[in-house]
Amino acid sequence: MPWVSAYGILCFKMWKGERAVQEKNSATKKLLAEGLKKCMYMYSFDRITIKEITDAAGFNRSTFYNHFKDKYDLLEWILQEDIILPVGELFTQEKYQEGVRLVVQRMEENKKFYLRAAKIEGQNSFKEMVYQAFCRLIEEILRKYDGYTTEDMHFLTPSIIAEYYATAETFILFQWLESGMEIPANEIEQVHALLLSFSFEDVMKKITAR
């Protein structure tokens, strides 16, 4: 039937057009992200203007506002793209240690950027941004398990578990960042495994056995 073929061709062209727009938007966001990173290599985040970001990326201000609300929105997008989304893929495959390894490796690879980001304080602090991102990620993964139940431990909800581990994860990362990331990433990964994979009693046994 000719109309079926015509309809199929139309759908394909629409899909192709939408995909091209998505790819262009993604490419623009990546260039704006690189623009912010370049600026953060030279200035503290609070001093950076939208114009400086767009100049570094080769765009105008209107292009920026077509994709992001403000520079904090762009910073959060970088965090999601660099760390949260790829870590989420590993966590959903139950590759938790690999996910942690990716976090510290990505931060070490972009050391100057993340050291600058860690200094962003106030209502939109980078620490709070990281904490909230991990909270959402962990809770989302927990809620995918339809059979999830705490049975006699009703206090232990997905949100409580997410907040607990997000707090611990954020604490370890920011102790590292605020110390200047002088300790190698692989050692931080080992610290993470010790503190979050063992009970307090197990940790004390390891320490006192030395």
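Residues are numbered from 1 along each chain as its sequence is written, and side-chain values use heavy atoms, without hydrogens and water. Because the model is predicted, local features need pLDDT of at least 70 and side-chain atom pairs count only at pLDDT 80 or more, while totals for chains, interfaces and linings use all residues.

The description begins with two helices, where helices are DSSP runs (H or I, at least four residues) numbered from the N terminus. Helix α4 spans residues 71-92 and helix α7 residues 126-143; their axes come within 10 Å and cross at roughly 35°. Such axes are lines fitted to C-alpha atoms over the stretch in contact, with angles from 0 to 180 degrees between N-to-C directions. The crossing of α4 and α7 is right-handed, a term used if the near helix is turned clockwise from the far one by less than a right angle. Contact means heavy atoms within 4.5 Å; among the residues that meet are Leu-75, Leu-79 and Phe-91 in α4, and Phe-126, Met-129 and Leu-137 in α7. By class, this contact has 13 nonpolar, 3 polar and 2 charged residues. Here Ala, Val, Leu, Ile, Met, Phe, Trp, Tyr, Cys and Pro count as nonpolar, Asp, Glu, Lys and Arg as charged, and the others, Gly among them, as polar.

The aromatic rings come next. The structure holds 9 aromatic pairs, in which ring centres of Phe, Tyr or Trp (its six-membered ring) lie within 6.5 Å; planes under 30 degrees apart count as stacked, over 60 as edge-to-face and the rest as tilted. Tyr-114 and Phe-126 form a tilted pair, 6.1 Å centre to centre with 45° between the planes. Tyr-114 lies in helix α6 (residues 111-117) and Phe-126 in helix α7, so the pair ties together parts that are 12 residues apart in sequence. Tyr-114 is buried at 0% relative accessibility, and Phe-126 is buried at 1%, where buried means under 20% relative accessible area (1.4 Å probe, protein chains only), exposed over 50% and partly exposed in between.

Two charges also sit over rings, with NZ of Lys or CZ of Arg within 6 Å of the ring centre and within 35 degrees of the ring normal. Lys-37, in helix α1 (residues 2-42), has its charged end over the ring of Phe-113, 5.5 Å from its centre. Lys-37 counts as buried because its relative accessibility is 7%. Lys-71 lies over the face of Phe-45, at 4.7 Å from the ring centre.
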